[in-house]
Amino acid sequence: MSFSKKLKTIFWPISKSELGLFIPMALLMLCILLNFSILRSVKDSLVVPSIGAEVISFLKLWLVLPTAVICTIIYVKLSNMIEMEYIFYIVVSSFLSIFIIFAFVLYPNQEYYHPSQDLISALHSHFPYLKWFIKIFEKWSYALLYIFAELWSVVVINLMFWQFANHIIASNDAKRFYPTLGMVGNLGLILAGNIIVFFSDITGGNEEMWQNLFAGESYLASEVSLKLVMLVVFASGIIAMLLLRYIHKVVLRTKLYLAHHDAYDTQTKLSVMESIKLITHSRYIGYIVVMIVCYGLAINILEGPWKAKVKELYPTTREYMEFMGNFNIYMGVSSVFFMLVGSNLLRKSSWFFSAIVTPSIIGITGTMFFIFVVFKEKFRVFLGGVDFDPIYAAVMVGALQNILSKSTKYSLFDSTKEMAYIPLSKELRTKGKAAAEIIGAKLGKSLGAFIQSTIFILVPVATFDSISPLLMVIFLVVIILWLADVRKLEVKYNQIVGEK
């Protein structure tokens, strides 16, 4: 093989005849990830400075998880009635409507929609142990945005996009397609970071113009930034729906595609109860669920302490959003790099080796972060007279941990997980994936949220700093369980692939 062909195999393992499918799929993924990255930054920029990082545990356990269960039931029912394409349009349109209503109706008029301070003060005095639930009630519209911004990743990305990809891309092509799709799609993270940084301070010097356009008499710079960012999310969502329509109407009907793939059919027949029975009796799906739960639990345990430090360093919504924008840029660059590495790793190594990279890196970097947070005073003494800001250092170490863990998640965890679904039957690929992705993903984060929120309820004065040693122990146990589960899944995966 010539040197140029070797380079092409490493950097671009997609043939010219496959570009007709690959390009629209990559653009679709880019639009979805662009929205995911923007929404992640916006929800944290609103909730953490205004309510507190500790409230994230309560939101994920008491609001996001129940909503995820409801979404799963609705999805299973819809999958028996209509094709996946139209479910995608319904889901994305619903999400976009909520985001626009929040940005243009609820947020600018929150003094009318949120409860009065007198009521909130009275509730705090009568129910001190419920202070975090009262804080959520005080900013309920922020909680609403947080719920659906959180669900965008599991419903639109993990379920809708990847399920569609699993139906139309063959198992033997997935090792080439999935990491390369991710490499292009993750450019959306870089684009999102730049958009957020640009819009977070766009009003400087032109306050009157932006006030006339967006904010009216009650001018807030954060309101203008939010409206502009949500308009980008809306436009990106519309483009995503148009791309899916193009793929269905043009790409999947070409002679070249039909010659190499079976007819595309995604409608299923099992009822909700039959689907639950099928899923609960599948040990294979169970292994995937455990893997997803471990990822969500590990990330959730790390997320709260890190965001609490970010809030200390960047206390306002604008500062927090700007930091998250820059954070997304670095994460996007790192993700594209890891996608390139992951693409070649998947093709040249075993499924098991590729699958354990993510828990290994999360385990190593997460332990480093906890060591730094738990023993920060010892670091201060050790460094002596050196000018040392423990808050800044904790934020940077946590940011590095997040960047590396998310990059390997997008490049290797997602690709190996999606490959595990491909050999399954249509019912398990559709409804088993729905349960694993929506409920499994949120169950993992909710378990971490349950641990943290229980401590905060029982000990109202507790902070993430005070409970970090306990969280560190739990985190290490989760990583060990995750590695053991991947080994069990690998055995079943090779067995099914071998049989086919």
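Predicted model: local features only at pLDDT ≥ 70, side-chain atom pairs only at ≥ 80, totals over all residues.
## Salt bridges in the model

## Glu 303 and its partners

The side chain of Glu 303 meets that of Lys 60 in a salt bridge, with a distance of 2.3 Å from N to O. This pair links distant parts of the chain, since Glu 303 lies in helix H15 (residues 283–313) while Lys 60 lies in helix H3 (residues 55–81), and the two are 243 residues apart. Both Glu 303 and Lys 60 are buried.

Glu 303 also forms a salt bridge with the side chain of Lys 307, where the N to O distance is 2.7 Å. Here the two partners belong to helix H15, and because Glu 303 and Lys 307 are 4 residues apart in that helix, about one helical turn separates them. Lys 307 is buried, as is Glu 303.

## Glu 418 and Lys 417

Another salt bridge joins Glu 418 to Lys 417, and the closest N and O atoms of this pair are 2.8 Å apart. Glu 418 has a relative accessibility of 0%, so it counts as buried, and Lys 417 likewise counts as buried because its relative accessibility is 2%; the cut-off for a buried residue is under 20%.

Through salt bridges that share partners, Lys 43, Asp 44, Lys 60, Glu 150, Glu 303 and Lys 307 are joined into one network. The two salt bridges of Glu 303 described above, with Lys 60 and with Lys 307, involve members of this network.

Note on methods. Residues numbered from 1 in each chain as written. Heavy atoms only, no water. Salt bridge = Lys/Arg side-chain N within 4 Å of Asp/Glu carboxyl O. Buried < 20%, exposed > 50% of the residue type's maximum accessible area, 1.4 Å probe, protein only.
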